[in-house]
Every structure is written in C-alpha cells, then in structure tokens.
Amino acid sequence: MLLLIGWSNLQTMNINISSESSLVKFSELKSGDVFRYLDSNCIKVYDPNNYVNVILLSDGGCRCSYMGKDTMVYKAKSANLSINF
C-alpha cells in the first residue's frame, strides 16, 4: 500500500516504469498499483467516499482524479517512485 502524506507540497515527483505493462480494466487494479493512462503516470488509491481513486503524477506534481471501473489502462509490472522535497 502506498501512502502519500503532504503530497501537495512536493516539488518534484517522477515515476519510472521499467518493465512491460499489460492492458487491464481499471477495476482489476489494487490500491497502490502504478499504471499509465494516455500520457499520464498514475497510482490507484482507495477513498471510502469514492470521490477520488487516482493520483496523477505525470506533470511532476500530483493531482487527484476519478476513473471509471471499465476504463482500460496499462498496468506496470514494476515501477520506481522518486520523491524530492
């Protein structure tokens, strides 16, 4: 499980997906799974209120978003996350 505390104050964040990825439905991902949607690197998160289920990381910062369960995404088999404060 991935927990980002104080993520809105991060100066730079980079995800390196260093392996092949497979096309899956968003609903097949678990919380903490890294995936790519279009040109965005993302992490699936759990929100008990179901308002937010994705953190977008592609722009060097973070933005919260919501993705439909049937959306097709590329799941990373492995990824490295670097956070610089």
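Visitor: Which element of the protein chain has the lowest mean pLDDT, and which has the highest?
Guide: This is a predicted model, and among its elements strand β1 (residues 12–17) has the lowest mean pLDDT, at 59. Strand β7 (residues 72–76) has the highest, at 91.

Visitor: What about residues 1–11?
Guide: The pLDDT is below 50 over that stretch. Beyond near neighbours in sequence, residues 1–11 have 14 contacts in the model.

Visitor: And what does the protein chain average?
Guide: The average pLDDT is 77, and 67% of the residues score at least 70.

Visitor: OK, on to the fold. How many helices and strands are there?
Guide: Zero helices and eight strands. Along the sequence that reads β-β-β-β-β-β-β-β.

Visitor: What's the strand order in the open sheet?
Guide: Six strands run in the order β2-β7-β3-β4-β5-β6, with antiparallel pairing. The edges are β2 (21–25) and β6 (63–65); each has a single partner strand, so one side of each is left without a neighbour in the sheet. From one strand to the next, the twist averages 40 degrees.

Visitor: Remind me, what do strands of a sheet pair through?
Guide: Backbone hydrogen bonds, in either a parallel or an antiparallel arrangement.

Visitor: Let's zoom in on β4. Which strands does β4 pair with, and over how many bridges?
Guide: On one side there's β3 (residues 34–37), joined to β4 in the antiparallel sense over four bridges. Strand β5 (residues 54–56) also pairs with β4 (residues 40–44) in the antiparallel sense, over three bridges.

Visitor: Which residues face each other there?
Guide: Val34 stands opposite Ile43 of β4. Ile43 also has a bridge partner in β5, namely Ile55. For Lys44, the bridge partner in β5 is Val54.

Visitor: How many residues of β4 are buried?
Guide: Four of the five, so β4 is largely enclosed by the rest of the structure.

Visitor: How about the hairpin of β3 and β4, how many residues sit between the strands?
Guide: Two. Leu38 is in that loop, and its phi is near 55 degrees, a positive value in a residue other than glycine.

Visitor: Is Leu38 buried or exposed?
Guide: Leu38 has a relative accessible area of 67%, which is over the 50% cut-off, so it counts as exposed.

Visitor: What is Asn53 in contact with?
Guide: Leaving aside neighbours within four places in sequence, Asn53 is in contact with Phe26, Ile43, Lys44, Val45, Ser65, Tyr66 and Met67.

Visitor: Phe26, interesting. Switching to aromatics, how many pairs does a search of the whole structure find?
Guide: One. The rings of Phe26 and Phe35 have their centres 5.6 Å apart and their planes at 70 degrees, so the pair is edge-to-face.

Visitor: What sits over the ring of Phe26?
Guide: The charged end of Lys44, 4.5 Å from the ring's centre. Lys44 is also among the residues in contact with Asn53.

Visitor: Back to β7. Where does Val73 lie, and is Val73 buried or exposed?
Guide: Val73 lies in strand β7 and is buried, with a relative accessible area of 0%.

Visitor: Which residues does Val73 contact?
Guide: Beyond neighbours within four places in sequence, the contacts are Ser22, Leu23, Val24, Phe26, Leu29, Phe35, Arg36, Tyr37 and Met67. That list includes both Phe26 and Phe35, the two partners of the aromatic pair.

Visitor: How far apart are Val73 and Ser21?
Guide: In sequence, 52 residues; in space, 9.3 Å from C-alpha to C-alpha.

Visitor: Last one, on the protein chain overall: what share of contacts joins residues at least 24 apart?
Guide: Among contacts between residues at least 6 apart in sequence, 59% do. As for burial, 31% of the 85 residues count as buried.

Methods
Residues numbered from 1 in each chain as written. Predicted model: local features only at pLDDT ≥ 70, side-chain atom pairs only at ≥ 80, totals over all residues. Heavy atoms only, no water. Pairing = 2+ DSSP bridges. Axes fitted to C-alpha atoms, helices over the stretch in contact; angles between N-to-C directions. Buried < 20%, exposed > 50% of the residue type's maximum accessible area, 1.4 Å probe, protein only. Phe/Tyr/Trp six-rings, centres within 6.5 Å; stacked < 30°, edge-to-face > 60°. Lys NZ or Arg CZ within 6 Å of the ring centre and 35° of its normal. pLDDT = per-residue confidence, 0-100. Contact = heavy atoms within 4.5 Å.
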